[in-house]
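Biologist: Thanks for sitting down with me. Could you walk me through this model, one question at a time?

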Amino acid sequence: MRDWSIARRLFLGQFLFILLLTAGVVTAAYFDASDRAYSQATERTSSIAATLADSPLLLEAAASPDPTALLQPYAEAVIQETKVDFITIMAPDRTRWTHPNPEKIGLPYIGSVDQALSGHRYTETIAGTLGPSLRTIVPVLDRAGAVQAMVSVGVTVSALDIASSGRIPFILLLGAGLLAVGTLTSWLLGRYLKRVTLGWGPERMGQLFSYYESVLHSVRDGLLLVDRKGELVMYNDQAADLLGIPRPADGVPRLPLEALPVRDSLKELLLSGRSVRDEIHVIEDRLLVVSQEPASMPGAKTSYGTVSTLQDHTELRRMGDELSSTRTLSDALRAQTHEHANRLHTVVSLLELGRTEQALAFATEDLRLSQQLVDEVVDADREPVLAALVMGKIAQAAELGIELRVEGDTGDSAAGFELLSAHDVVTIVGNLLDNAMDAARSGTPPRWVALAVAHDESALRLRVSDSGPGLGGAEPATILERGFSTKAADATGRGIGLALVQQSVLQLGGSLQISPDAEFTVTVPRTAPAGPA
């Protein structure tokens, strides 16, 4: 029985209950029918006896010398008409004047007569000459109120039992109907429970629920369970912390996803119910990797909702940015090494040819151009990260056949970057230049990318443009959504760069504007944004 399912246990319990209820109803109905038969017999015998007692014939016969001669035919006629079993008319001393069996005439009446002799009507069940019977005895009074005779009218108990038994088939049919309807209802309810509980027993369900609760609160990833109505059925503490919602507690009603303070892109994913694997979303200052699968029964096509996992990749992404910057610098060094090797070979060749002045002029001009390029870009002493990043991007662009132009409104173009951390510089400038170079590569020659840096007393401004095909008809506001890209998607989460740029800019209290021809303008105030109170 321990292995029985909830459905089987409930069906057995309900069947026993319905069986006992049916037996009780049938028994109560039988006794009620029997009581009604006796009540109806009492009313009938009382009515017939009272009618006979009021007949003048009985007083006339009682005063005659042979009452039997007058009353026996009369009693037999009344028995035939009223369908009672016997009518006994007797003298006050119990001597029968009439009886269905003529041999009993003249013998004493069997039964109580004291109540009748006292002038009262009386009904009893007693065994007489015809067997057990229900009878009513009524006195026959003269005008002075004296008892001149008594009338007893009765029906045998066997006749009453036969009358009661006539209702037994209906009672049994009623009981069978109740039992059938109750059993069918229990069976249908059992089928439903078996379907929704997978045929599991309560012990197994309780054990699995305990396991699920432990898993839910032991994993380090955020876990969300959403039903088909778009309500948050269950979630763990990690998910609450990542989404910035209250931690789960007993008695708290389900949270509708529409009311959650999360980005629309993540909200759309959770409401859609679609299956995704490692989809990247930016939530406030966090980078979340989301996977989602429908929650359905084994082998069933209907989904009861979705199960989503949230992994915080913020630190991992930050390390990735630093690695990308390091790779950019190494690529720049490699490109510059190759370029310097060519220039050095040229200088050596000129010296071997004896053209010393031309070699010196070539070397001097090359040094001036390189220094001018560095000076035009940034102040390498004050902003080494920005300088290294831009120089690396210039070398990378050159290898791709792209001219990276750096423009500054003032000679002190690095001024204003003191509010930006190295991470912000790499995120904002690096992603904008990477996107611009990708766009320029997809365009037609001449390919170029322009980085303009300007500042005044109130703000620092960066403007990045390129020779690419533009936004491809997309609205500027839509390209900041997570996952937007005019290029083919890959496994690295392409399309998240602009979202990260916007995230960093907003955290600095700035803004990101995009023109229809894909010119990106970042404005960062030179005063630090107010922190939380």
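Biologist: How far apart do the end C-alpha atoms of residues 208-247 lie?

Modeller: Happy to start there, and bear in mind that this is a predicted model. UniProt lists residues 208-247 as "domain: PAS", from an unreviewed entry. In the model, the span is 45% helix and 28% strand. Its end C-alpha atoms are separated by 23 Å.

Biologist: What share of the accessible surface belongs to carbon and sulfur atoms?

Modeller: The accessible surface of the protein chain totals about 29700 Å². Carbon and sulfur atoms account for 57%.

Biologist: At what angle do helix H13 and helix H14 pack?

Modeller: A helix pair is described by the angle between the axes and the distance between them. H13 covers residues 422-441 and H14 covers residues 497-507, with axes 9 Å apart. H13 passes H14 in a left-handed crossing. The packing angle is about 145 degrees.

Biologist: Which residues of H14 make that contact, and how many of the contact residues are nonpolar?

Modeller: From H13 come Asp424, Thr427, Ile428, Asn431, Leu432 and Asn435. H14 brings Gly497, Leu498, Leu500, Val501, Ser504 and Val505. By class, the contact has 5 polar and 1 charged residues, and the nonpolar count is 6.

How values were computed: Residues numbered from 1 in each chain as written. Predicted model: local features only at pLDDT ≥ 70, side-chain atom pairs only at ≥ 80, totals over all residues. Heavy atoms only, no water. Areas by Shrake-Rupley, 256 points an atom, 1.4 Å probe, with all protein chains shown as cover. Axes fitted to C-alpha atoms, helices over the stretch in contact; angles between N-to-C directions. Helix = DSSP H or I, 4+ residues; strand = E, 2+ residues; numbered from the N terminus. Left-handed = near helix turned anticlockwise from the far one by under 90°. Contact = heavy atoms within 4.5 Å. Nonpolar A, V, L, I, M, F, W, Y, C, P; charged D, E, K, R; others polar. UniProt positions renumbered as here; feature names shortened; annotations may be inferred.
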